[in-house]
Structures are given as structure tokens and as C-alpha cells.
Amino acid sequence: MNAPAPNGTVLMLLCVGFAAAAISDLRYRTIPNTLVSSIAAAGIVHAAAALGPRGALASLLGAGAGVALLVWPFARGILGGGDVKLLGAVGAWIGAAETVRVLLIGAVLGGVLALGFLFNLTRMQRAGVRRNIASFAVPSVEHLDRARAVPYGVALAGAAAWVLLSGAW
């Protein structure tokens with residue numbers, strides 16, 4: 001069960017919202033709660049207006065799926081809360097099944113983004129990353145430098161826009 005597809009002005013505004021989330025995550029490493037809650041609420045209202053209670057249910061299930069998919073990485077300190085909420089807001093627009101697609105595309109885009117950030121590290125910092133990878137260790141949140149964190153919201157927003165604009169769902 002998918003939520004109804006946005007089109008026209010609604011789709012354009014939604015992509016502007018995703019762009020705002022990506023820019024905020026890139027610049028400040030945070031995605032404002034007001035932004036993601038507005039995106040999610042608009043998705044639920046859009047679905048309810050288009051398909052009634054069934055659409056609202058599909059939208060709510062999509063939002064829940066988006067949050068559920070990233071709860072474990074968030075609990076481990078791998079992702080920030082804004083990333084979790086952003087995927088939930090995306091799910092409110094596209095439904096549960098397509099939220100998985102956004103996550104998979106976002107994982108690929110996030111990997112490319114991480115490589116870009118890796119090339120900007122010093123030799124000593126790259127050695128630390130290499131040690132963590134070799135030992136399958138995830139540094140504790142206290143040891144992470146927020147300024148060097150990969151803004152995964154950029155990848156998620158890009159993946160969401162890609163799925164919506166491609167019309168493949």
C-alpha cells in the first residue's frame with residue numbers, strides 16, 4: 001500500500017523541503033525538527049486528502065517504516081536523530097515499500113559522500129578510520145568529531161528526490 005504520488009507544485013515544494021534538509025545537514029550537521037515534522041505532516045495530510053483514511057494509513061505506515069529502519073543505527077550512535085526523522089518524513093510521502101528503496105539508494109549515495117569526506121582527512125585521521133574498519137569498531141559518540149561527521153541527510157534527501165522525480169514507484 002503506497003501513499004499517493006505528489007505532482008506539480010506539491011512535488012516541487014517537497015523537493016525544496018528535501019533540499020533545505022540537505023543544506024542544513026551539510027552546513028550545521030543537524031536537520032531542524034520543524035522542517036522534518038512539517039514534511040511528515042504535509043505527507044499525511046496529502047495522503048488523507050487524496051485517498052481518505054486508507055491513504056492516511058499508508059502514509060503513517062511509511063513514516064513508521066522510515067523510523068524503524070534507522071532506529072538501530074541511531075541507537076548505536078552511527079546516525080543522528082535528524083536522519084531517522086527525515087527518513088520517517090520521506091516515508092510519509094511514499095509509503096513503506098518505497099521507503100526501503102530510498103534507504104538503499106541513500107546507502108549508495110551515502111557511501112559516495114563518505115568517500116568524498118574521507119579524501120579530505122589528514123593522514124593520521126585516515127589511519128584511525130582504517131583501524132576502525134579493520135576491527136569493525138564503531139567509535140563511541142563521545143569520540144566523534146561532529147564537524148567531520150558525514151551528513152547522511154544529504155544522501156537520504158537526494159535519494160528521496162530521485163525516487164519521487166523518477167516516478168518509478
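Just after helix α4, G95 takes a positive phi of about 85 degrees. The model described here is predicted.

**Helix α4**

- Helix α4 has 14 residues and reaches 20 Å from its first C-alpha to its last, close to the 20 Å expected at 1.5 Å a residue.
- This helix is mostly covered, with 12 of its 14 residues buried.
- Among the buried residues of α4 are G82, D83, V84, L86 and L87, and the run from G88 through A89, V90, G91, A92 and W93 to I94 is buried as well.
- The partners against which the buried residues of α4 pack are α1, α2, α3, α5 and α7.

**The largest nonpolar core**

- The largest nonpolar core holds 33 residues, and those touching the most other members are F18, I39, L70, L86, V102 and L156.
- Two or more residues of this core come from each of α1 (8–28), α2 (33–51), α3 (53–75), α4 (81–94), α5 (96–119) and α7 (152–166).
- Helix α7 gives the largest share of the core, 9 residues.
- Leaving aside residues up to four places away in sequence, F18 touches I39, V90, A157, A160, A161 and L164.

**G43 in helix α2**

- G43 is found in helix α2 and is buried, because its relative accessible area of 1% falls under the 20% cut-off.
- Beyond residues up to four places away in sequence, G43 touches S59, A92 and W93.
- Although G43 and V90 are 47 residues apart in sequence, their C-alpha atoms are 8.1 Å apart in space.

- S24 lies in helix α1 and counts as buried, with a relative accessibility of 10%.
- Not counting residues up to four places away in sequence, S24 touches R29, T30, I31 and P32.
- R29 is located in the loop between α1 and α2, and it is buried, with a relative accessible area of 16%.
- Despite being buried, R29 has no salt bridge, and the nearest side chain of opposite charge, D25, is 5.9 Å away. The distance to D25 exceeds the 4 Å limit for a salt bridge.
- A polar atom of the R29 side chain lies 2.8 Å from the backbone oxygen of A149.
- Phi of R29 is near 60 degrees, a positive value in a residue other than glycine. Most residues other than glycine have a negative phi.

**The salt bridge**

- The structure holds 1 salt bridge, in which the side chains of E98 and R101 meet at 3.1 Å, N to O.
- E98 and R101 are 3 residues apart in helix α5, so about one helical turn separates them. In an α-helix, residues three or four places apart point the same way, because there are 3.6 residues a turn.
- Which side of this pair is buried and which is partly exposed? E98 counts as buried at 9% relative accessibility, whereas R101 counts as partly exposed at 32%.
- In general, side chains of opposite charge can pair when their charged atoms come close.

How values were computed:
Residues numbered from 1 in each chain as written. Predicted model: local features only at pLDDT ≥ 70, side-chain atom pairs only at ≥ 80, totals over all residues. Heavy atoms only, no water. Core = buried A, V, L, I, M, F, W, Y, C linked by side-chain atoms within 4.5 Å. Buried < 20%, exposed > 50% of the residue type's maximum accessible area, 1.4 Å probe, protein only. Helix = DSSP H or I, 4+ residues; strand = E, 2+ residues; numbered from the N terminus. Contact = heavy atoms within 4.5 Å. Expected span 1.5 Å × (residues − 1). Lys, Arg positive; Asp, Glu negative; His and termini not counted. Polar contact = N/O pair within 3.5 Å; in protein donor to acceptor, adjacent residues only side chain to side chain.
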